[in-house]
Every structure is written in C-alpha cells, then in structure tokens.
Amino acid sequence: MPNHASRRTLLAAAALAAVTVAGSASATAGARRVPDDPRSHDRAPGGPPGRRPEPARLRALVEGMSLAEKVGQLFVSRAYGHSATDPDPADAERNLALFGVRTAAELVSRYHLGGIVYFAWAHNTRDPRQIAELSGGLQRAALAGGARIPLLLSTDQEHGAVARIGRPATLLPGAMALGAGGSPADARRAARIAGTELAAMGIRQDYAPVADVNVNPANPVIGVRSFGSDPRAVAALVAAQVRGYQGAGVAATAKHFPGHGDTETDSHVGLPVMRHTRAVWEELDEPPFRAAVEAGVDAIMTAHIVFPALDPSGDPATLSRPIVTGILRERLGFRGVVVTDALDMAGVRQKYGDDRVPVLALLAGCDQLLNPPDLRLAHRSVLAAVEAGELTEPRIDASVLRILELKARRGLFGAPRVSAAGAGSVVGSPEHLAAADAIAAGTTTLLANPVGLLPLDAAAAPRLLVTGADPVSPTGTTGPPAAVLARELTALGCRASAVAPERAAAAAPGHAAVLVCTYNVPEGDSPQRALVAELVASGVPVVAVAVRNPYDAARLPACAAELATYCWTDVEMRAAARVITGAVRPGGRLPVPVPGRYPLGHGLAYP
C-alpha cells in the first residue's frame, strides 16, 4: 500500500476538529434533555434517523488513519491495574507478560485500541473516584498520539447477578427481578440510574441489557440474567432499558444474539447448541432483539452458540455470516455496532485457533472484537488478513466508521473528560439508593402462604432465625444474604439472628419462624433440601426464600411460606424483609414458570 502519512495526518486533524465541534454541540444539547423524555435516546442505529454528526466528517477521519490504527479501533481489550500509568507492580508484570507493555496507557498507544473493558479481577474497579481517574488517564493516552480517537470504555454492569462495580455504586435489581416487577417504567428508571453512574466514571458502553428469553430452568449461564420467559414481556423491558441507558449517554448493548435462553452449556467453558427451529426462533428469541433495534440500540453482542436452524455450518453465531449479516443486519435492519462476546471464552475457540477467530468474526459482519486472549496475535492476524486480501480495507473502514459514529453519538469527541470529584457525588447518591429500594419493593414474589403465616407482625418483636445458603455477592461488596436479611428484619422491629446451616436445627426451637435462604437448589437430594426438610420436621414454621433461581420452590419440601427474590444482593434482601413483615405488600409475579409448581405470572398478595 502507498504511504500517504502526511496526507493522513492532515485529514485526521481536520476531521477531528470538525467532529469535536459537532460532538461538543451534541453533548451540550444532551445536557438540556428532559430526563424521562422518550425522545432523549438516539434511535439512529436501528430505527428512524436521530441526530448524528455529518457522516462525511467521520469518513474523512477514517480515511486519515493508517491501517494499523483502523485495526486497533476494532479491538476492546482488558488491561490490568487501577491506574492508567501507575499500576501496582504485580499488574504491571501481568501487562508485560500478556501485552509487552507495563501500563494500560502504553497498551492503548501501542495497539491504537478502540476501547478497554473494565473487570474487578483486573483491578480496574476499586471505587468510583479511582475508576474516573483511570478513565481519564486512558482517554489522555488515546488522545495523545496517533489518530487521537477517544476510547469507548465499557463493562458488564447488568446489575443483579452480574456486576463489576460494587458499593458505593448503586446496586439495582437485576433483570429477572425487574421482570417480576413487570414495569417498563421501573426498568427504564433503573437503566437510567445505572447509566448516569457509569457515565460519571467515564464508562460509556454497558454490556446490557440481556435480551435472551430464558425458557430452560437448567440454563447455567443466563437464568436470572434474563427478564423472563415471555418474549413480549422481555421485549418491552429490553426496549425500556435501551432507552434508559442511552438517555443517560451510555451505549446499551443487547445480548446475546441470536438468543442464549434455551441452552444447557455455559459458553464460557463449552460450545452450546440451540435446538430451536427457525419458526420457534422467530416466535420466541427474535422479538426482544427486534425491540432493541426498533428502540435504537447502539450495539448488539453476539453469542458463542451453534444454532443449526439458522446456520447449519456448525460455526458459532459470532463467526456466522448467515446469522450476523443475513439475519441481524439484513432481516432486522440493524445499522449499529456488532460486538462479539469475549473472544477468550471457550465457546468461540473450539473450532478455530485464536489467530483465525478475529478474522472470521469480521468476515461474519462483527465490528468490535472483545477481549481476545492474545491481543498481539489477534491484531497481527487481522492486519495479515487485509494484506493477503482475505479482508478488504473497505470492510475494515465500514466497521471503524460504525464505531466512530457510536463514539460521536455518545459525545466522546466533544468532551471525554471525567471528574473524580463528580463521580464521587453522583455514584451512589442518596437519590439513586432510594430509587433502587423503591424499584426493588415491587419485585419480591410471594409464591406460597398456605397458613397465612405472612406477614409477620414486626410490632410484636417476633424471634426469627435466618439460615441457609450464603453465596458471595456478585461484586464482593455486599452481603452475606442471610446476615443482611436478619439485619433488615431487626431494623423493622423483629428480633432476628443468623446462624450457620449446621447449627440451624438445634437453634430453631423457641423461634416464631425460621427463614431459609436457598440458592440454585438442584433436582433430587441435596444438602439444601435436607436442611429444609429437617427444619420443617422441627415444627417451627419455615419460610423458604429463593435468593437466585425461583425454580428452587419445586425442589424443596412444602413450607409455611415461600418467596423468590431473584438475587441475593442487599437491595433484594431489604425488599424481602419488608414483604415478610408487611411493610410492603408483595407485588412481584413470576416472570418464568416453575415447572410442576407454579405457572408464569403466579404471585400472591396479602388480604
């Protein structure tokens, strides 16, 4: 290829200046939007045109980039460390071993990256101020050299069972809890709060909402991350969350296309197969993604699943041109950014090597290549594919242009700066925490209350015992759930104490009730089932509280009362305590059926 470096530099400078002006105007206009105005999100990618910078300006910016810079824009990588330039020594060594550089800032500069994805295990998410400072340092590195393109910083902050940022950030009800609440307005409000806090920390892309329709109780990877099993209800909540996130200036990412809700293998460790027919897919799995496109979703994430009815080749959907281009682009008319699920997952690495996967994903129609296991290899492989003619430079340009359009829509060219002080005042604000509690209040589902045990009379100060499963919270910053439930019941006037399961039966006599937290109870005999049976046999009334999957109810002996919270985070434990004591009336309805026990939509109320 001829080297037109000087011309590229001039073109890039002129285009960047033009886009910066447009982005600044867009950001200023966005600040004046009414928070709950349905028009406050941009519908440009998937629906009718919204306000967008002139395409010619962004095309000129692409034309002014070198091939290496263009290829870099396609990649979103992890990076170790809490700081862009001064990581802890152990994190610097990890970066050196994986990427050949010591800092995240050097990583951005060397590979001209389009984005960085934050993880707690990579030590990126200690607290809001630190995250904002990390984001600012990374943006400075991106703007300091090369094409001077701002980064799109991202994370998985679904809330509920998957969250990378913990307290003091506001932790909101997850998808299935929102599905139980059944309120698109609450779903949108939750996403608006989540997006506002992410944006304050410099994170402008969230890998949420989950658009999978969970119809398989044995699904090991989706479950309560889904809004439910009714495609129409899921579609309404997905669209609401898209509008909420993007109304806060954060790119929403509907996932996992073409649908991951009826699989029995976790794509992190294997390659799932979806057995739905094309007709079933159109009826069950397609509607939430179509709703996301119609709501103007900025990005859609592909699934590492084989779907024979949509593509008989045996390739995972991420690498399938019939699925990504033929269905997502052509059938659904999606014009936004297609991002792969993480490329270090086993589901996408079983059939092809790590050098081929990013090339095949681009050939399929994907734009962003998320977290390849070997960034150096992946980057070289894409460059080599272009040089060999397997990928054309116009094909690369098309993806880069979509990515830049997304960045411009989210105001990144105008002002990607973030303030640590601002993050500290916005993230976990009293208003947001109160809203989270208000939303959670309508999600707890009363499944059974055959003898009218609930609500308990907190004014009588009943003695309560709380026991059962105590899983670590998704962020590691809340819980444990049994202790939190006991604390919240005590705050409401009860005398509640938490004990370990092995001590529960001996401690039960003399209590008004025993509350047992259960977590993903398997079919057949299990320690959790045995514990509940032993406590029921004690004669003390037992309240079973399913703190994750509502399917637990069908795998336990009958209890004096049964509830489902859909997550074990503090906000859901507080909501359960309020329902148990009657401070709040139960309002949740099952968003999935519990086979053999309760139908879709089941949920009791107090007289």
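This is a predicted model: local features need pLDDT of at least 70, side-chain atom pairs count only at pLDDT 80 or more; totals for chains, interfaces and linings use all residues.

Let's begin with the nonpolar cores. The largest one has 122 residues, and the members that touch the most others are L107, I116, L138, F257, I300 and V382. Take L138 as an example: setting aside neighbours within four places in sequence, its contacts are A84, A104, A105, V108, I116, Y118, L151 and L153.

Next, two residues in loops. S83 belongs to the loop that runs between strand 1 (75–77) and helix 4 (89–99). Is S83 buried or exposed? Its relative accessibility is 15%, so it counts as buried, the cut-off being under 20%. The side chain of S83 also has two backbone nitrogens within reach, as the table shows.

| Side chain | Backbone nitrogen | Distance |
|---|---|---|
| S83 | T85 | 3.2 Å |
| S83 | D86 | 2.9 Å |

For a sense of scale, S83 and R164 are 81 residues apart along the chain, and their C-alpha atoms are separated by 17 Å.

The other loop residue is T569, found between strand 16 (561–564) and helix 20 (570–580). T569 counts as buried because its relative accessibility is 6%. Which residues does T569 touch, not counting those up to four places away in sequence? They are G160, P474 and T478.

Searching the whole structure turns up seven cavities of 30 Å³ or more. The largest cavity has a volume of about 60 Å³, and its lining is made up of Q157, H159, I165, A169, T170, L172, A194, E197, L198 and M201.

Which helix gives the most to that lining? Helix 8 does, with three residues. Both helix 8 (184–200) and strand 4 (157–159) supply at least two lining residues each. Sorted by class, the lining of the largest cavity has six nonpolar residues, three polar ones and one charged one.

Note on methods: Residues are numbered from 1 along each chain as its sequence is written. Side-chain values use heavy atoms; hydrogens and water are left out. A nonpolar core is a set of buried Ala, Val, Leu, Ile, Met, Phe, Trp, Tyr and Cys residues joined through side-chain atoms within 4.5 Å. Buried means under 20% relative accessible area, exposed over 50%, partly exposed in between (1.4 Å probe, protein chains only). Contact means heavy atoms within 4.5 Å. Helices (H or I, at least four residues) and strands (E, at least two) are DSSP runs, numbered from the N terminus. A polar contact is a pair of N or O atoms within 3.5 Å; within protein, one must be able to donate a hydrogen and the other to accept it, and residues adjacent in sequence count only if both atoms are side-chain atoms. On a 1 Å grid over the protein atoms alone, a cavity is a set of points where a 1.4 Å probe fits but cannot get out, and a pocket is an open set with protein on both sides within 12 Å along at least five of seven lines; lining residues have an atom within 4 Å of a point. Grid points are joined across faces, edges and corners, and a volume is the space filled by probe spheres set on the points. Ala, Val, Leu, Ile, Met, Phe, Trp, Tyr, Cys and Pro count as nonpolar, Asp, Glu, Lys and Arg as charged, and the others, Gly among them, as polar.
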